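Student: I should like to learn how to read the features of a protein model. Please show it to me, and let us take the features in turn.

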Amino acid sequence: MSTAARTSPEHCDERTLRAVGLTRRGTDRATAIALAREVLRSGAADDDVQYCLHVLTYAGRPAGKPDLTAPRQARELVDQGRCEEALEVLLACDESGESLFARGRLNQAEGRHDRAYADFLAAGRAAEAVGMTNPAILPWCSAAAISAHEVGRPVVARALAEAELVAARRWGDARTVGRALHAVALTGDADRAVTRFTTAVRLLSDAEALAELLPARHHLAQALATRGRHEEAVAVCASSLAIAAGNPLWTRQVEELGARLERLSRLTPQESRTAALACGMSNREVAAELGVTTRTVELHLTQVYRKLDVKGRRELNRVILRFGVTPP
């Protein structure tokens, strides 16, 4: 567990203990910052310095880079797309809350969302057992919400995301609020998704939180496409590609989304409408809705499959539902 998250040693300065306690509980961020800065100005011992550097980092006011524990190193490696290296680090870790969270992040990055969800819940139980409720330290609720969303548990996903947003706003730093708002945008009201994603992206950009900014921008592009705003979605992808430079995981994901959006732009208005209707109707029902023959619908769908590089209706449904084709 990170320095600021573990049990504080008795020999630390009283001001350090107060700052750490406020940070662990996620309350009174302003006082935690003031106490930590006061300790750092006083020529404190090395342990106090490390604790206070963590406090300021979690509060969004970094005054230096604190030492990282192995689980935190693993999380940073995952954020950089270096999953094999992260796994090697995690193999030597214990089953602490931070280790479980880091393992969840690795499983999430590699698409194993059921496992990730279980890891995040276990990490949350471990954190709560020691009174650590600040999502700035361990954002397990938003991480679990994203994986719950991916495996089709919308009610649970929404509840987890909203719970973290409440705690994040109580603490108040841009990175923590932006990360929680991203999860709420993904799991909540679709009509408000673009606005919420846009706000999350702004907050994470202001906080220079690259690890959280890339997935938020990725989901913003998807939300824009779902609303039929493909040109804006393509622009977000293009700028995200520059931000993702050097990160193989996100470079690949942004490129794949950009390619899919480019294929969607090839559809004619009639093909686009046919594809959208085909998600919930039979060919005969689509034909009746459009006032054309069933054969015409079949021809349109054949063109859609070719242009989108999908093999059938089931794969088409996934593409349409995830990236959106809005009828003209």
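Student: Is Glu208 buried or exposed?

Tutor: Buried means under 20% relative accessible area, exposed over 50%, and partly exposed in between (1.4 Å probe, protein chains only). Glu208 has 73% relative accessibility and therefore counts as exposed. The residue sits in the loop between α11 (193-206) and α12 (210-226), and its phi is positive, about 55 degrees, although it is not a glycine. Please note that this is a predicted model, in which local features need pLDDT of at least 70 and side-chain atom pairs pLDDT 80 or more, while totals for chains, interfaces and linings use all residues. Residues are numbered from 1 along each chain as its sequence is written, and side-chain values use heavy atoms, without hydrogens and water.

Student: Where is Asp309 found?

Tutor: Asp309 is in the loop between α17 (294-308) and α18 (313-323). Its phi is near 60 degrees, again a positive value in a residue other than glycine. With 47% relative accessibility, Asp309 counts as partly exposed.

Student: How many helices and strands does the protein have?

Tutor: Both are DSSP runs numbered from the N terminus: helices are H or I, at least four residues, and strands are E, at least two. Here there are 18 helices and zero strands. Of the 328 residues, 51% count as buried.

Student: How many aromatic pairs are there, and how is such a pair described?

Tutor: A pair of aromatic rings is described by the distance of the centres and the angle of the planes. Rings of Phe, Tyr and Trp (its six-membered ring) pair if their centres lie within 6.5 Å; planes under 30 degrees apart count as stacked, over 60 as edge-to-face and the rest as tilted. The count comes to one aromatic pair. The ring centres of Phe101 and Phe120 are 5.2 Å apart and the planes are at 50 degrees, so the pair is tilted. It links Phe101 in helix α6 (residues 97-109) with Phe120 in helix α7 (residues 113-129), 19 residues apart. Phe101, at 2% relative accessibility, counts as buried, and so does Phe120, at 0%.

Student: What span should helix α14 have?

Tutor: The expected span of a helix is 1.5 Å times one less than its number of residues. For the 17 residues of α14 (residues 248-264) this gives 24 Å, which agrees with the 24 Å between its end C-alpha atoms. Buried residues of α14 include Leu249, Trp250 and Val254.
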